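Let's walk through this fold together, one piece of packing at a time. Have the structure open and follow along.

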Amino acid sequence: MQYAWPLYEDVRTVGRARVIVRRELSQLSLSSELVDDAVLMVSELITNAFMYGDGPYELVLQVDAREIMWVVVDSSPVLPATAPDDLAAEHGRGLRIVARLSDGFYGCHPQRYVTVPDLVGKATWFALPRHGSTGNVVPIRAGV
């Protein structure tokens with residue numbers, strides 16, 4: 001199953017996305033720790049897209065029996081890169097957080113937009129196994 005939400009470059013968007021992630025994943029009987037990790041990682045990916053990417057933006061959820069994948073799509077051709085270690089830096093830890101919490105199941109590749117199929121952008125994503133779930137795919141509501 002796949003669902004998508006357009007994202008607007010607005011100060012409230014990351015907060016709304018957190019609500020979407022928590023709402024959608026709560027229907028899958030996942031551990032609260034896994035849900036919290038996904039909320040944090042989606043926040044990081046959206047923030048990176050807004051800071052370094054170009055619009056339009058979208059958030060995509062893909063669910064199957066084995067894993068959950070969250071994707072943020074933007075139109076910039078510039079691939080994300082992990083910043084050098086700098087403990088004093090205000091920014092630059094987002095991809096490290098995603099890498100660690102996803103156990104390395106993250107990446108970036110070209111992708112068509114789900115909400116605007118004629119456009120191609122880059123998808124920055126992470127995947128999580130459905131540990132702690134019932135193993136049954138539960139239909140998920142689309143919409144914000």
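At what angle do the axes of α2 and helix α3 cross, and within what distance do they come? Keep in mind that this is a predicted model. The axes of α2 and α3 (residues 94–101) cross at roughly 150 degrees and come within 9 Å. Since angles over 145 degrees count as roughly antiparallel, that makes α2 roughly antiparallel to α3. As for handedness, α2 passes α3 in a left-handed crossing.

Now zoom in on who meets whom. On the α2 side you'll find Asp 37, Leu 40, Met 41, Glu 44, Leu 45 and Asn 48, and they meet Gly 94, Leu 95, Ile 97, Val 98 and Leu 101 in α3. Sorted by class, that contact has seven nonpolar, two polar and two charged residues.

Helix α1 (residues 13–26) packs with α2 at an angle of about 150 degrees, the axes being 9 Å apart. This time the crossing is right-handed. From α1, the contact draws on Thr 13, Val 14, Ala 17, Arg 18, Val 21, Arg 22 and Leu 25, while α2 contributes residues including Val 35, Ala 38, Val 39, Val 42, Ile 46 and Phe 50. By class, the contact of α1 with α2 comes to ten nonpolar, three polar and three charged residues.

Let's stop at one of those residues. Leaving aside residues up to four places away in sequence, Val 39 touches Arg 18, Val 21 and Arg 22.

Five strands make up an open sheet, ordered β1-β2-β3-β5-β4, with antiparallel pairing. At the edges are β1 (2–7) and β4 (106–112), each pairing on one side only. On average, and ignoring direction, neighbouring strands of this sheet are turned by 25 degrees against each other. Inside the sheet, β3 (residues 67–74) and β5 (residues 120–129) run antiparallel and are joined by eight bridges. One place to look is Ile 68, whose bridge partner in β5 is Leu 128.

How values were computed:
Residues numbered from 1 in each chain as written. Predicted model: local features only at pLDDT ≥ 70, side-chain atom pairs only at ≥ 80, totals over all residues. Heavy atoms only, no water. Pairing = 2+ DSSP bridges. Helix = DSSP H or I, 4+ residues; strand = E, 2+ residues; numbered from the N terminus. Axes fitted to C-alpha atoms, helices over the stretch in contact; angles between N-to-C directions. Parallel < 35°, antiparallel > 145°, perpendicular 65-115°, else oblique. Left-handed = near helix turned anticlockwise from the far one by under 90°. Contact = heavy atoms within 4.5 Å. Nonpolar A, V, L, I, M, F, W, Y, C, P; charged D, E, K, R; others polar.
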